[in-house]
Amino acid sequence: MAEGEEEGAADRSEAATPRRIEKAREQGQVAVSREASGFAALLFAALAAAVALPVPGGELLGIMRVVLESGHELRMAEAAWPLARLALLMVVPVAAAAALGAGAATLLQTRGLVSAVALRPRLDKVNPWAGLKRLFGAEALAELLRSLAKLALVGLAIWFAAGDVAALQRALHAPPGALLGAASGHVARLLGAALAAFAAVAVLDLLWVRVSHLRKLRMSRQDLRDEMKETEGDPMIRAQRRQQREARARNRMMAEVPRAAVIVTNPTHYAVALAYAEGDAAPKVVAKGVEELAARIRAAAEAAGVPLVANPPLARALHRLELGASIPAEHYQAVAEIIAFVWRRAGRLRS
């Protein structure tokens, strides 16, 4: 962690946002547990050894017996090639399986991320003072304590799995034919204990790494405000755009007032413009407003000759509807009477 980051860590009281986590991921900063990758490597190596080693291991023991019994009669070149071939047959599958396990575990943790950003040269990595702080700092001490705890846990698991030491000594003094079977049993038991201990260590380390990663990505309130500006724009600009949208919506609404059939008023606080054409299922709200906007609607209606009808309860009820909404059934009677009255006055009512 850089010096500036350490100074500002106290101000980072907010959890990292999804955008912050995604940006860190793009920069190659992801939570990766080395212990989980190590456990996967050991597990894959153990499985490969269980499958690939028995046959070449038996052959290797046979060759070693011949070498020990007739070493003075054999040429070194004749024995070297079979031993090398068997060694390769034993080492290569196990090493390949370990590499495959470690790579698969790492890719699973990073969700397939492969980034070379972390390999770029950085000046803080070659800074001697920064290197000393990393070497003797709090993180280094915590890493040392974690390593000691891991060794203690794995050592205890292997100690308890070893069981009777006398049985192990008897196995070592067993005849050559029974030595491989006895040793295989003890090795399998010890390997199982080591795998169980490493699995527990990997789970704990995975949780620790994820918590530590999210803690490093924590944000201050200023970081949140800056991110909001980046994603949604400046608050003042957003307010101006919102005002412009509202102004355009009011202008479109006021343009509908001259084409309305009637204006229902409070009579001064509310004003709702209703439009109705033959073929419509019900009248629709085309304009509405309170106080100053209501006065503008009334003035525009009077200028266009649209009649105004005072009905305070109906005006308040219709004002709750959205623009463009049809009149609900419970107001059909009252609205129909108003429109019929207006049309009658205008001589538009037909029998």
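A residue counts as buried under 20% relative accessible area, as exposed over 50%, and as partly exposed in between, judged with a 1.4 Å probe and protein chains only. By that rule E256, at 31% relative accessibility, is partly exposed. The structure is a predicted model, in which local features need pLDDT of at least 70 and side-chain atom pairs count only at pLDDT 80 or more, while totals for chains, interfaces and linings use all residues. Residues are numbered from 1 along each chain as its sequence is written, and side-chain values use heavy atoms, leaving out hydrogens and water.

Side chains of opposite charge can pair when their charged atoms come close. A salt bridge here is a side-chain nitrogen of Lys or Arg within 4 Å of a carboxyl oxygen of Asp or Glu. The whole structure holds two of them. In one, E256 meets R259, with N and O 3.1 Å apart; R259 is exposed, at a relative accessible area of 58%. In the other, R221 pairs with E14, and their closest N and O atoms are 3.5 Å apart. R221 belongs to helix 10 (residues 221-232) and E14 to the loop between helix 1 (3-8) and helix 2 (18-26), so this pair ties together parts that are 207 residues apart in sequence. Helices (H or I, at least four residues) and strands (E, at least two) are DSSP runs, numbered from the N terminus. R221 is exposed, at 55% relative accessibility.

Next comes the sheet. Two strands pair if DSSP finds at least two bridges between them. Four strands form an open sheet in the order 3-2-1-4, with mixed pairing. Strand 3 (284-290) and strand 4 (308-310) are its edges, each pairing on one side only. Neighbouring strands in this sheet are turned by 25° against each other on average, direction ignored. Strand 1 (residues 262-265) and strand 4 run parallel and are joined by three bridges. V264 has V309 in strand 4 as its bridge partner.

Axes are lines fitted to C-alpha atoms, for helices over the stretch in contact (heavy atoms within 4.5 Å), and angles run from 0 to 180 degrees between N-to-C directions.
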